[in-house]
Amino acid sequence: MKQFKLTLVLLSIIFYSYSQGDFKAGAEKMKSLVEAENYREAMQYGDKLIGEGVKEGYEKYAGQVYLYRGIAKFNFEIFDDAIVDLKQGVAFNKTLTEAYYYIAEIYYDLSSYSMALENVIYFLEQHPDDTKGLALKSRCLLELGEPMAAKIIIQKAIALVSSDPELYYVRASVNRALGEDDKACKDAKISYKFGYEDAKGLVDSYCGNSEDGTKTQK
């Protein structure tokens, strides 16, 4: 009888380890799909894994599945559902703090700048030198009418990574809000020269037709 019980315990351990291993592999596959920007397949695969249910002991990997499905939904602009998934991911696995960055981006896109700032601040508490997070915080502060505070944050980001064109794009907008049009024009031009196509509109707006990087006087 004791041998029979021992066999059952061993079988349970083997089954549990195998099932958990499958869920771990599933989470890793979802990460690969998201990194490859195959968001539709990531959502479909996430649906399959979540449909199988989350058992005790699987929470770590379940959190990753929800996180990556949330990121996929974010990229499809399915914002409300993405927030639900991202929050569920953190609920299962509190180490997945990158979820707060995507939640902040969603709130920013929805013009809920205070909520965006709250979430990106929490993200930056865990990742203080993340330049994407710093840029988003700067954008939030600018929208909330605090351009000087926004300037301090974006300066820190550029000091960390001086080759990211998006950072100069953000600083161009901040400088314009501060009335520093010459600096805004120069930053817009740097961003565009570095390959950030969205900066073309800022160059046209801030620089006019001058050749020396300053806005033409009309």
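## The loop that holds Glu 77

In this predicted model, the loop between α3 (59-75) and α4 (79-92) is where Glu 77 is found. Although Glu 77 is not a glycine, its phi is positive, at about 60°. Its side of the accessibility scale is clear as well, since exposed means over 50% relative accessible area and Glu 77, with a relative accessible area of 60%, is exposed.

## The loop that holds Ser 111

Ser 111 lies in the loop between α5 (99-109) and α6 (113-126), and its phi is near 65°, a positive value in a residue other than glycine. With a relative accessibility of 47%, Ser 111 counts as partly exposed.

The buried residues of α10 are Ala 184, Cys 185, Asp 187, Ala 188 and Ser 191. Because these residues cover an arc of only 165° around the axis, they are placed on the same side of α10. Among the elements that cover the buried residues of α10 are α9 (165-177) and α11 (199-207).

## Just after α10

Gly 195, which comes just after α10, takes a positive phi of about 105°. A positive phi is also found in Glu 77, which is not a glycine, and in Ser 111, again a residue other than glycine.

Key: Residues numbered from 1 in each chain as written. Predicted model: local features only at pLDDT ≥ 70, side-chain atom pairs only at ≥ 80, totals over all residues. Heavy atoms only, no water. Buried < 20%, exposed > 50% of the residue type's maximum accessible area, 1.4 Å probe, protein only. Helix = DSSP H or I, 4+ residues; strand = E, 2+ residues; numbered from the N terminus. Arc of directions from axis to C-beta. Contact = heavy atoms within 4.5 Å.
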